[in-house]
Amino acid sequence: MIGVFHPGGSLVHRAPALLKLGLLAALVTAIALQHSVLVLAGACLVVAGIVALARVPLRLLWRQLVPLLWLLAIAVPIQLLVAGWELAVTVALRLLLAVVLAGVYSLTTPVTETLDAAQTLLRPFRRWIDADRVGLALALAIRAIPLLGEIVAEVLDARRARGAEGSIRAVAVPVIVRALRTADHLGEALVARGLDD
């Protein structure tokens, strides 16, 4: 779900990416440093307000939360047994709030604006860092995540179509081979465009 932009005209959509990145970093940091369940409950209301202000479809936000639920299904019971209910709730709320905020950012900000913001942040360090190359690397990484997901889905579909059930190796090997081929093709395309140094 990284890089999934949902067009809209809300105040959050219109806000500059740098401002949104700064607010995202500040809010997630504040949430991560919080130990009070009551304060985190208040943060839930603030985040719900941000979601309402952004006017993003809740089904898209939910799809970004689903992978986290598996993590919470494991982490929360362990925290509950080891450290008590308060820490379990605190950990769950921190993770949920951070992912919802990141999801709102992702849904309201095109990837190109995020890359431009990252390049702008890195420009003062141009003596040591090539901001344009870092931007390109970020763009490739963002594109690679859904691409790898597509490769895994295609391999799993092919495996099901053949009626093959088996070890993880039966999935891992074709995924790795296809991912490496895709990386080779991408590398060749970059070299063809003069980005080979």
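My entries below go from the whole chain to a single residue.

**Entry 1: what kind of model**
I noted at the start that this is a predicted model.

**Entry 2: fold**
I began with the secondary structure and found 8 helices and 0 strands in the protein chain. Reading along the sequence, I wrote the pattern down as α-α-α-α-α-α-α-α. I then checked the extent of the C-alpha trace, which spans about 55 × 50 × 35 Å along its principal axes.

**Entry 3: burial, contacts and surface**
How many of the residues count as buried? I got 27% of the 197 residues in the protein chain. For contacts I looked at pairs at least 6 apart in sequence, and 74% of those join residues at least 24 apart. The accessible surface came to about 12,500 Å², and carbon and sulfur atoms hold 70% of that area.

**Entry 4: charges**
I counted 18 positive and 13 negative charges in the protein chain. Their mean positions sit 6 Å apart.

**Entry 5: domains**
The domain assignment handed me domain 1 at 11-109 and domain 2 at 124-192. I took the centres over C-alpha atoms and found 28 Å between domain 1 and domain 2.

**Entry 6: record against model**
Next I turned to UniProt, where an unreviewed entry places the feature "transmembrane region" at residues 23-53, 65-85 and 91-108. I looked at two of these spans in the model. Residues 91-108 are 100% helix and 0% strand, with end C-alpha atoms 26 Å apart. Residues 23-53 are 87% helix and 0% strand, yet the end C-alpha atoms of that span lie 15 Å apart.

**Entry 7: one residue up close**
I picked L101, which is found in helix α5, residues 85-108. Is L101 buried or exposed? L101 counts as buried because its relative accessibility is 7%, and the cut-off for buried is under 20%.

Which residues does L101 touch, if I leave out those up to four places away in sequence? My list reads L24, L27, V28, I31, V47 and I50. I also took a distance to A32: L101 and A32 are 69 residues apart in sequence, and their C-alpha atoms are 13 Å apart in space.

Note on methods. Residues are numbered from 1 along each chain as its sequence is written. This is a predicted model: local features need pLDDT of at least 70, side-chain atom pairs count only at pLDDT 80 or more; totals for chains, interfaces and linings use all residues. Side-chain values use heavy atoms; hydrogens and water are left out. Helices (H or I, at least four residues) and strands (E, at least two) are DSSP runs, numbered from the N terminus. Buried means under 20% relative accessible area, exposed over 50%, partly exposed in between (1.4 Å probe, protein chains only). Contact means heavy atoms within 4.5 Å. Accessible areas come from the Shrake-Rupley method with a 1.4 Å probe; for residues, only the protein chains shown count as cover. Lys and Arg count as positive and Asp and Glu as negative; His and the chain ends are not counted. The place of a charge is taken as NZ of Lys, CZ of Arg, CG of Asp or CD of Glu. UniProt positions are given in the numbering used here, feature names are shortened, and annotations may be inferred rather than shown by experiment. Domain bounds come from an automatic or database domain assignment.
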